[in-house]
Amino acid sequence: MASYINHPLLKKDAIESRLYQQILAGDVLKKGNTMVVAPTALGKTIVAILVAADRLHKVKNSKVLVLAPSKPLAIQHEASFKEFITLPCTSITGAVKTDERVKRWEESRIICATPQTIESDLLNGRYDLSSVSLVVFDECHHGVGSYSYVYLASRYVQESKFNLILGLTASPGSDKFKIKEVCQNLYIQNIVVKTEDDVDVKPYFNPVEIEWVRVKMSSELEKIKSYIDKSLKVRLKALKNMGVIKTVSVGKVDILNARGRIQGEIARSTNPDKELFQAISILSAVINIQHAQELIETQGIQTFNRYVARLRKKKTKAARSLMMDDNFGRAVKMAKEAEKNGWEHPKLREITKILKKELGVGDGQTKLKTTRFDDKSDEHSSKIMLFTQYRDTLEMIHKKLEKEGIKSAKFFGQASKDGEKGLTQKQQKAIIKSFKMGEYDVLLSTSVAEEGIDIPAVDLVVLYEPVPSEVRMIQRRGRTGRKRTGRVKVLITNGTRDEAYYWSSIRKEDRMKNQLIDPDVLEELNASAVERMENEKKVKVIDRPKKENDFPIVYADSREGNSKVIRHLTEMEIDVKVHSMAVADYQVSDEVAIERKTAKDFVDSLIDKRLFKQARELSEEFKRPLMILEGDDLYAGMVNPNAIRGALASIAIDFGISIIPTRNAQDTAAMIKRIAVREQNGERTPIQIRTDKKPVSLLEQQLFIVESLPNIGPVNAKNLLEHFGSVSNILNASEVELQEVEGIGLKTAQNIRHVLDSKYLYFKKEIKEKKLL
């Protein structure tokens, strides 16, 4: 008979008592900031709920913040916490309006949220983390680089008086340095690893059986690949003769490293040799060919043909050279003929065979009628999920299954590609619901469903191809085996990248497990986290002066929200106000605005012709415009350094924009602070933010002035100008005369006259008291 956990904040008979989950929760509460690494089906969320209940009970009036990398996962956590805990719980995502977010934060004890939304609210000063007694970072392996988890962990450690951090993941990665970075960024002091082999876990764990399904490349594919190989070999020999590579036996990583070296040589040279640019072009072509090889080996002819079609549209020298290459051209021609004749990769035939067997469909037979089930039913019918890397392959499989009478649903991301719109979150939820209800036999998905999406448990996961990432393989595997024994079938093409990728993921997973239980690694991580936490405590945000109007003010464009610069500014006693700005990224006075460009963005905007348009707008809108150029790799791309130098000269001389170099985001923030301090000189005078660009033509200027009147939009502004003939006549018109214009009623006319006739009252002392300065 099952026993249940009793706790003042847990619902009665809600959580089954599992010793390993209670021990995990106890370890977190006893040892401090902890990363729990465990397979998907082991109930990491329950561990988080147990820790949250204890913190909320012992730290009176505190809150728990549960962070997840996607909106569906945040909402899923909300449902889980509501199911088990008695205190008010809510979710905060970008889909919720700001006022409602503040209300939810104030009224709830448990907040499940996306990190980007919380970061935005903190930067805008809508609330703080001082009352939060626990932060849960779900899928905590995301806590690297500039991801929002990193900033939120730092902010939490600084602001909260009683902080505790819990990281949850099925796969932190095999790279020791990445694991260390995650632990440092999230202040992890303790790592607990649970596997399906642990004695205390086995009774609750459904094993997952993995089967390799080997296929052999067809003769047609072999012929196509042979011509692609020849095209690649010619270019590799050329690179070897140029001294770019030492051998023609190179992989993708070797080519990327070689390209990095050549770009470095170009960057360091004042007058780069033409051969360097030729080498870059050949290296780019090699990267394209290697990708084409992979598609033929592991995906299929249709996927290869779609890729070639996209290559044709590219205007780069590398793409043009490939289209003119005899060997590559023969491969393309053969692939077109193969598609016309209905030839495909043997994997497609094998997929059809597997699914027919699972679903009870035989050759020449109709599909057997099966009874669908929900998660609470004992009745069984196969639920199958198939993963593939590419959307083109997804489409190919979908068409094949439809022909075979197997109902499948395509599930992919929100980004549009080649004219096909991405799926909205609403559409994704509808597809998942239909799949759960049994309307589809198979859910076909790209990597978007690996994590962060609430997919129902499935009986079989089919991988169209292995992936070299241990994290992604673990995530895909975790979609099965939740309710009963799970099964995974991995399709592998003999003698191709498939084999290399599969073994790569296996080796990385083994290395990850070994590193996570290595006492030396754990000791090093613990010492590093403790040191960083102590350093953060020395610069507590709560120790700052409470009067933010003592700080210099910097207005930042809302599009800069994902940059590290705003984060660093908030740590430098700067009052940051995030607004939507028409021109510039930062503004510190009426006359001084700053356009921030990373080295890469500078080059990209030069190529797509945004740079000079932005420079012109900046110089037209502000008397003293500035451009910050961030990073030291300005010449590392494929653009001729002389073109970059010419652009810099034009910005400085033709547009009169001063250019200030900085090393990184932190240096940029420090520079912006220094400019703000110098410009404001301790005075908090009002700054007019450019939310709209200044009108250029006479008509635009007239409409701009009239539209600034109360309740006047573009249509009414045009009607007023047509009726009165000039702006001055509008301003001098009486209420009765204004009402003669179509669309202008009594109330609008009264409001216009009220604004135009009222005295301008400006009492500096009163405004200061109202904190408008």
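Predicted model: local features only at pLDDT ≥ 70, side-chain atom pairs only at ≥ 80, totals over all residues.
**Exercise 1. Which residues of α9 and α10 meet, and how do they divide into nonpolar, polar and charged?**

Solution. 
Step 1. On the α9 side, the residues include Ile255, Leu256, Ile262 and Ile266, along with Lys252 and Arg259.
Step 2. On the α10 side, they include Leu276, Phe277, Ile280, Leu283 and Ile287, as well as Glu294.
Step 3. The contact is made up of twelve nonpolar, three polar and four charged residues.

**Exercise 2. Describe how α8 packs with α10, giving the orientation and the hand of the crossing.**

Solution. 
Step 1. Helix α8 (residues 219-241) packs with helix α10 (residues 274-298) at an angle of about 160°, and their axes are 10 Å apart.
Step 2. The cut-off for roughly antiparallel is over 145 degrees, so α8 is roughly antiparallel to α10.
Step 3. The crossing of α8 and α10 is left-handed.

**Exercise 3. Which residues make the contact of α8 with α10, and how many are nonpolar, polar and charged?**

Solution. 
Step 1. From α8, the contact residues include Leu221, Ile224, Ile228, Leu232 and Leu239, and also Asp229 and Arg235.
Step 2. From α10, they include Ile282, Val286, Ile289 and Ile296, and also Gln293 and Glu297.
Step 3. The division is 15 nonpolar, three polar and four charged.

Note on methods:
Residues numbered from 1 in each chain as written. Heavy atoms only, no water. Axes fitted to C-alpha atoms, helices over the stretch in contact; angles between N-to-C directions. Helix = DSSP H or I, 4+ residues; strand = E, 2+ residues; numbered from the N terminus. Parallel < 35°, antiparallel > 145°, perpendicular 65-115°, else oblique. Left-handed = near helix turned anticlockwise from the far one by under 90°. Contact = heavy atoms within 4.5 Å. Nonpolar A, V, L, I, M, F, W, Y, C, P; charged D, E, K, R; others polar.
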